[in-house]
Amino acid sequence: MARASKGELHNEEYELLEVIGTGNVQKAGLLLGSKNVRVNCLDEHGMTPLMHAAYKGKASLCRLLLQHGADVNCNEHEHGYTALMFAGLSGNKEITWMILEAGADTDAINSVGRTAAQMAAFVGQHDCVTVINNFFPRERLDYYTKPQGLDKDPKLPIKLAGPLHKIITTTNLHPVKIVVLVQENPLLAEVESLRKCCRVLDLICEKCMKQRDMNEVLAMKMHYLSCIFQKCSNFLKEREDKLDGLLKSLLKGRDTDGFPVYQEKFIRECIRKFPYCEATLLQQLVRSISPVEIGSDPSAFSVFTQAITGQVGFVDAEFCTTCGEKGADKRCSLCKMVIYCDQKCQKAHWFTHKKACKTLQDVREKQEIEAAKVKKNQEKQQKKAEIEAAEVNSEVGPSSPQTGCTEELVSIDPSTGRAEPKKTAEVSVPSPESAYEGDSSITSTNTLKELEE
Ligand SMILES: [Zn+2]
Ligand SMILES: [Zn+2]
């Protein structure tokens with residue numbers, strides 16, 4: 001079929017653009033089967049169906065269009081926007097990822113010289129910025145799965161490419177998370193496999209620093225992962241516990257305040273060992289981290305994450321205390337001061353958290369008493385002012401208690417260290433059988449109320 005020119009659409013193509021707006025995948029599928037529909041047709045602004053679907057955040061439609069051969073790098077748009085730019089603007093991480101995997105060019109710029117990552121950052125879609133900045137095409141890794149030059153064997157056995165690629169593209173750089181990813185993959189969790197992966201990561205790091213358009217961020221990330229793999233390998237050589245000991249070391253908090261000193265020192269050491277000491281990024285990291293006393297803010301992890309992923313601060317999201325995963329929303333039900341993704345993360349942390357939990361509980365109670373005092377005072381003052389000002393009876397009732405949006409986790413029996421499911425019930429459900437869910441007592445509703453301790 002002839003190359004599409006702007007605004008010259010068949011009726012069915014108009015219909016397809018309309019259907020994309022409604023999100024009807026089935027209808028879109030039927031239309032794409034019609035011989036009058038070109039998957040890369042252009043509307044009067046030079047937008048393809050894929051651009052429309054990406055901008056509207058319709059993931060299933062994007063997938064369908066890509067299956068029908070949509071061109072991710074079409075650049076006929078009047079302002080030079082690409083599908084990746086629209087995905088970034090929409091704030092949809094899944095679509096951003098999908099379009100990257102389909103081969104989108106991350107360096108393409110629009111008519112005012114902005115890349116997709118810069119545009120997403122400009123509109124505050126930081127999750128998409130993170131996805132774009134951490135994308136690493138599989139082909140770049142697959143290069144090492146073929147023998148190069150005089151090598152007889154490839155540097156990376158093909159079976160390791162998948163698991164290694166998964167870790168390279170992760171946006172959660174928490175050392176615990178990375179070690180868990182290694183531990184979960186029996187192919188990877190072997191001394192020899194880890195040695196090969198380290199070698200490849202170091203080579204990619206070197207390439208990133210030596211290529212013409214140097215990429216310090218990616219180089220630093222590769223080096224950091226290589227350091228963690230190295231550490232895993234050392235622990236596997238010395239111990240029989242399949243990395244459990246390493247996880248414990250990384251999580252163990254010091255007695256005074258539960259701060260994970262080993263983890264902090266490990267991340268600092270990784271950064272310091274970066275082999276290109278002239279790198280601007282290294283110097284920035286060292287300047288931000290070295291004056292900070294161990295245990296004070298910011299932690300090396302938060303500085304490092306911000307530099308690598310572009311995540312701005314840790315303001316409007318909650319991060320799991322164990323693995324650093326974003327969006328954790330389950331609290332320790334005793335102290336309510338630490339947050340986890342799930343029960344697994346809570347269990348992994350309990351061995352060290354149990355020592356600090358009581359102290360944190362006291363801290364929280366004190367904070368609450370203080371806050372209540374301040375509030376009471378404010379109310380008193382306000383009431384007085386109102387009476388003075390108007391001499392009218394103005395009633396200031398106590399404000400209703402805050403309903404937090406985080407759930408509470410099951411409590412862990414401190415004597416046994418075992419997690420005891422807490423009896424929970426939805427406020428609106430009176431029947432205890434329907435609410436009691438045995439071991440997996442974390443439910444997804446946010447309206448949980450404790451029945452009893
Ligand atoms: Zn977690
Ligand atoms: Zn606690």
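Reply: The account below begins with conventions and the whole chain, then turns to the requested part and its surroundings.

The model is predicted; local features need pLDDT of at least 70, side-chain atom pairs count only at pLDDT 80 or more, and totals for chains, interfaces and linings use all residues. Residues are numbered from 1 along each chain as its sequence is written, and chains are lettered from A and ligands numbered from 1 in the order in which they are written.

The protein contains 19 helices and 7 strands, where helices (H or I, at least four residues) and strands (E, at least two) are DSSP runs numbered from the N terminus. Of its 453 residues, 35% are buried. A residue is buried if 20 or more other C-beta atoms lie within 10 Å of its own, exposed if 12 or fewer, and partly exposed in between, with C-beta atoms placed from the backbone. Among contacts with a separation of 6 or more, 62% join residues 24 or more positions apart; two residues are in contact if their C-beta atoms, placed from the backbone, lie within 7 Å.

The requested loop lies between α13 (216-238) and α14, and Lys242 belongs to it. Lys242 is not a glycine, yet has a positive phi of about 50 degrees. Leu243 is in the loop between α13 and α14 as well, and its phi is also positive, near 75 degrees. Most residues other than glycine have a negative phi, and most peptide bonds are trans. Lys242 counts as partly exposed because it has 13 C-beta neighbours inside 10 Å; Leu243 counts as partly exposed with 19 such neighbours.

Axes are lines fitted to C-alpha atoms, for helices over the stretch in contact, and angles run from 0 to 180 degrees between N-to-C directions. Pro175, Val176 and Val179 of α11 meet Leu246, Leu247, Leu250 and Leu251 of α14. The residues of this contact comprise 7 nonpolar, no polar and no charged; Ala, Val, Leu, Ile, Met, Phe, Trp, Tyr, Cys and Pro count as nonpolar, Asp, Glu, Lys and Arg as charged, and the others, Gly among them, as polar.

The axes of α15 (residues 261-272) and α17 (residues 300-309) come within 9 Å and cross at roughly 40 degrees, which makes α15 oblique to α17. Glu264, Ile267, Arg268 and Ile271 in α15 meet Ala300, Phe301 and Phe304 in α17, a contact with 5 nonpolar, no polar and 2 charged residues. In the loop between α16 (280-289) and α17 is Pro298, and the peptide bond from Asp297 to Pro298 is cis, with omega near -5 degrees.

As for annotation, UniProt lists residues 320-357 as "domain: MYND-type" in an unreviewed entry; such annotations may be inferred rather than shown by experiment. That span is 39% helix and 11% strand, with its end C-alpha atoms 16 Å apart.

Notes: Parallel < 35°, antiparallel > 145°, perpendicular 65-115°, else oblique.
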